[in-house]
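Biologist: I have a model open and want to go through it with you. Can you take my questions as they come?

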Amino acid sequence: MSLTTDNVRPSGTPNAWRIGALTIAGVFMGISELVFCAAALATAKFRFGFGIETLRTLAFVVIVFGNQATTYTNRERQHMGSCRPSRWLVGSSVADLLIASTLAIFGIAMAPLPVVVVGVTLVAAAAFAFVVDFAKVPVFKRLGIV
């Protein structure tokens with residue numbers, strides 16, 4: 001619901017719903033998040049030896065953080081910083097991140113994760129957002145949806 005309050009700029013010209021291009025853009029964004037999630041879980045499993053219960057908690061955190069990152073990269077056709085998000089959007093994002101982090105750190109209904117793991121995951125999600133945002137603009141331009 002907070003996305004309905006967002007401050008994104010409307011298109012300067014009438015839009016044509018080019019479903020093929022929009023689908024390709026969606027696949028690009030979806031695969032990007034899948035790669036982020038898989039890389040985080042693979043790193044935790046093979047580099048740090050996390051067990052299945054801890055991996056489940058990490059999967060929850062990575063999905064929540066990755067979805068927040070994707071929300072901010074998807075809200076505009078241009079780069080993330082080109083338009084300020086609404087207060088409601090930022091507030092709901094902060095609440096989402098705090099709730100997910102609290103559940104994971106304190107092990108509420110899941111295995112607990114160390115604070116440092118949650119923090120590193122948050123930083124990784126922010127880095128993921130910037131990388132995807134950097135790649136998104138030329139992809140969207142090539143698809144003709146800018």
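This is a predicted model: local features need pLDDT of at least 70, side-chain atom pairs count only at pLDDT 80 or more; totals for chains, interfaces and linings use all residues.

Biologist: How many helices and strands in the protein chain?

Modeller: Four helices and zero strands, in the order α-α-α-α along the sequence. Helices (H or I, at least four residues) and strands (E, at least two) are DSSP runs, numbered from the N terminus.

Biologist: What share of the residues is buried?

Modeller: Of the 146 residues in the protein chain, 34% are buried. Buried means under 20% relative accessible area, exposed means over 50%, and partly exposed is in between, with a 1.4 Å probe and protein chains only.

Biologist: And what share of the contacts joins residues at least 24 apart?

Modeller: 75%, counted among contacts in the protein chain between residues at least 6 apart in sequence. Contact means heavy atoms within 4.5 Å.

Biologist: On to packing. How are two packed helices described?

Modeller: By the angle between their axes and the distance between the axes. The axes are lines fitted to C-alpha atoms, for helices over the stretch in contact, and angles run from 0 to 180 degrees between N-to-C directions.

Biologist: At what angle do α1 and α2 pack?

Modeller: About 150°, with the axes 10 Å apart. α1 and α2 are therefore roughly antiparallel to each other. The contact involves, among others, M29, E33, F36 and C37 of α1 and L55, L58, V62 and I63 of α2. Angles under 35 degrees count as roughly parallel, over 145 as roughly antiparallel, 65 to 115 as roughly perpendicular and the rest as oblique.

Biologist: Is that crossing left-handed or right-handed?

Modeller: The crossing of α1 and α2 is right-handed. A crossing is left-handed if the near helix is turned anticlockwise from the far one by less than a right angle, and right-handed if clockwise.

Biologist: At roughly what angle do α2 and α3 cross?

Modeller: Roughly 170°, and their axes come within 10 Å. That makes α2 roughly antiparallel to α3. Residues that meet there include T57, F60, V61 and V64 in α2 and L89, V90, S93 and D96 in α3.

Biologist: How far apart are the axes of α3 and α4?

Modeller: 9 Å, at an angle of about 150° between helix α3 (residues 87-106) and helix α4 (residues 115-143). α3 and α4 are therefore roughly antiparallel to each other, and α3 passes α4 in a right-handed crossing. On the α3 side L97, S101, A104 and I105 meet V115, V118 and L122 in α4.

Biologist: Changing topic: how many salt bridges does the structure hold?

Modeller: Two, where a salt bridge is a side-chain nitrogen of Lys or Arg within 4 Å of a carboxyl oxygen of Asp or Glu. E53 and R56 form one at 2.7 Å, N to O. D133 and K136 form one at 3.2 Å, N to O.

Biologist: Why are D133 and K136 about one helical turn apart?

Modeller: Because they lie three residues apart in helix α4. E53 and R56 are also separated by about one helical turn, being three residues apart in helix α2 (residues 52-74).

Biologist: Is E53 buried, exposed or partly exposed?

Modeller: E53 is partly exposed, at 44% relative accessible area. D133 is buried at 5%, and K136 is buried at 0%.

Biologist: What about E33, where does it sit?

Modeller: In helix α1 (residues 19-47). E33 is buried yet has no salt bridge, and the nearest side chain of opposite charge, K136, is 13 Å away. Lys and Arg count as positive and Asp and Glu as negative, while His and the chain ends are not counted.

Biologist: Which residues does E33 touch?

Modeller: I63, G66, N67, T70 and F128, not counting residues up to four places away in sequence.

Biologist: And C37, buried or exposed?

Modeller: C37 is buried, with a relative accessible area of 13%. C37 is also in helix α1, and is in contact with V62 and I63, leaving aside neighbours within four places in sequence.

Biologist: Last one, where is A127?

Modeller: A127 is in helix α4 and is partly exposed, at 42% relative accessible area.

Notes
Residues are numbered from 1 along each chain as its sequence is written. Side-chain values use heavy atoms; hydrogens and water are left out.
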